[in-house]
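Here are some notes for a colleague opening this entry.

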Amino acid sequence: MSDEDEAPVVKKARIFYGSLEEKEKERLRREGISAAARDAVKAGIEAGNINISSGESMEMEERVSERQAEVLAEFERRKRARQITVSTDDVEVKACLRALGEPITLFGEGPAERRERLRNILSVVGPDALKKSKKEDEKAKRTHEYQQTWYHEGPSFLKEARVWLAKYSLPRAVERLDAARAHKEIPESTRTVKQQELHKALRNVNNFCSQIGDDRPISHCQFSPNSKLLVTASWSGLCKLWKVPDCTLVRTLRGHNTNVGAISFHPQATLTLEESDVNMASCAVDGSVKLWSLDRCVLFKISGGSGGLASLWAVSGHNLLFFHIFNRIIIFFGLDAFARVWDLRTGRCIMFLEGHHKEIYSINFSPNGFHVATGSGDNTCKVWDLRQRRCMYTIPAHENLVSSVKFQPNDGHFLLTGAYDNIAKVWTHPGWSPLKTLAGHEGKVMGLDLSPDGQLIATCSYDRTFKLWMSE
């Protein structure tokens, strides 16, 4: 008989013999003790003898409930976001973000991510926020449209001044435009050759003459309109007239009792004015202004004001001015690092020159009428475009404050800068690359000028000398 044919063994239930009374009594006794303990604990709690604190369990429950509330709020926000319709036009999306006061774009953000960000923002602040912003913009526009300039009748001399400005500035504007059109008609190759020749001549500029001008630092120098005279101003209070290019002293102008900040020729001096007429004006740090002729000394004295004057004569010579003026445009500048451009015809500020980090010490117009250069204590020279109303280029010009800037007086094809690092530099225009460094002074370069005929460059310095530079 094989093993497979054997029948399986059937397990039999165990049979316990004896009485279960003892085990049942023990079970009942244990249950009685537990019930008594529970009753005792309950009585102690009711009597106030036992305090039970939930501890961390309650904090955990609160955190769980807060998390559940956050999850529910997030679900609701996403639900609202799905119901909000956002334009697919990226320009419109940026405009909506700008209206909500949000950045129009983030680093690495594409149009799809930008739309999703706008949708999420609207799901939080609500779609009505964008409508309110648009309504406020429309209201502001309507208010601006309703605003009107109010005019009143001015005095007769104001009318005369504005008529004179128009008669003076408009013909010169026409001349500048005609010259620009004629320059544009010149072939590009011819213009390039002329520019290369000019740059070559500027690279060959060297010191031609050096002259001790005074016992104190020389603060200012300027060529006469006929390029045959040079006038210098000094901290000794003396102004001196020199013949160039041999640098011989013609006359000493005595009258100021303190540092002279600037001296300027009348635009028609040495051209159409007589020597006995007012040919020069000077100003000092005490606020005094003196008018000079070429054959005599002081003709008039003007007192009042404070501080040195940056520029004295208007381009026309019609008025004595304490700022820089070009035809109908006036620029005020100062130690607040800002400059303002004003239109004399309307009396309004048409441009705010903001960008320098320190005070502005010098400013000069280009002959083209729309470029302005400013020199500042932040060691830079900025070139501004009055047409585009912006800074078109910042020249890291020097290692110390820029005290003087000057465009080429005839065509503006190059720019001169002088600074307190004892050097002056020549820069191309356009391009603003350095062409030549005029080194030779042992002190700060406090002023510079270009002769109207374009042959000479003059620099004056804290070392009490002025130098003439000429191309070899």
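1. This is a predicted model. The peptide bond joining Val244 and Pro245 is cis, with omega about 10°. As background, most peptide bonds are trans.

2. Pro430 sits in the loop between S20 and S21. These two strands make a hairpin with five residues between them, and in that hairpin Gly431 has a positive phi near 105°.

3. Is strand S20 enclosed or open to the outside? Six of the six residues of S20 (residues 423–428) are buried, so the strand is largely enclosed by the rest of the structure. In a regular strand the side chains alternate between the two faces of the sheet. In S20 both faces are covered: Ile423, Lys425 and Trp427 are buried on one side, and Ala424, Val426 and Thr428 are buried on the other.

4. Strand S19 (residues 414–419) runs antiparallel to S20 and is joined to it by five bridges; Thr417 has Lys425 of S20 as its bridge partner. Strand S21 (residues 434–439) is also antiparallel to S20, again with five bridges, and here Ala424 is partnered by Leu438 of S21.

5. The hairpin of S19 and S20 has three residues between the strands. Asn422 is found in this loop, and its phi is near 75°, a positive value in a residue other than glycine. Asn422 has 25% relative accessibility, so it counts as partly exposed.

6. Arg389 is another residue to look at for its backbone: its phi is positive, about 55°, although it is not a glycine. Most residues other than glycine have a negative phi. Arg389 is found in the loop between strand S16 (381–385) and strand S17 (390–395). At 57% relative accessibility, Arg389 counts as exposed.

7. On charged pairs, the count comes to 10 salt bridges. In one of them, Asp90 pairs with Arg114, with the closest N and O atoms 2.5 Å apart. This pair links distant parts of the chain, since Asp90 is in helix H3 (residues 90–99) and Arg114 in helix H4 (residues 111–125), 24 residues apart. Arg114 has 4% relative accessibility and therefore counts as buried. Asp90 and Arg114 also belong to a network of salt bridges that links them with Lys94, Glu109 and Arg117.

8. Which residue forms a salt bridge with Arg191? The partner is Glu188, and the closest N and O atoms are 2.8 Å apart. Both residues lie in helix H7 (residues 188–203), three residues apart, about one turn of the helix. Arg191 is partly exposed, with a relative accessible area of 24%.

9. The side chains of Lys406 and Asp449 also meet in a salt bridge, at 3.5 Å from N to O. Lys406 lies in strand S18 (residues 402–407) and Asp449 in strand S22 (residues 445–450), so the pair ties together parts that are 43 residues apart in sequence. Asp449 counts as buried, at 5% relative accessibility.

Notes. Residues numbered from 1 in each chain as written. Predicted model: local features only at pLDDT ≥ 70, side-chain atom pairs only at ≥ 80, totals over all residues. Heavy atoms only, no water. Buried < 20%, exposed > 50% of the residue type's maximum accessible area, 1.4 Å probe, protein only. Helix = DSSP H or I, 4+ residues; strand = E, 2+ residues; numbered from the N terminus. Pairing = 2+ DSSP bridges. Salt bridge = Lys/Arg side-chain N within 4 Å of Asp/Glu carboxyl O.
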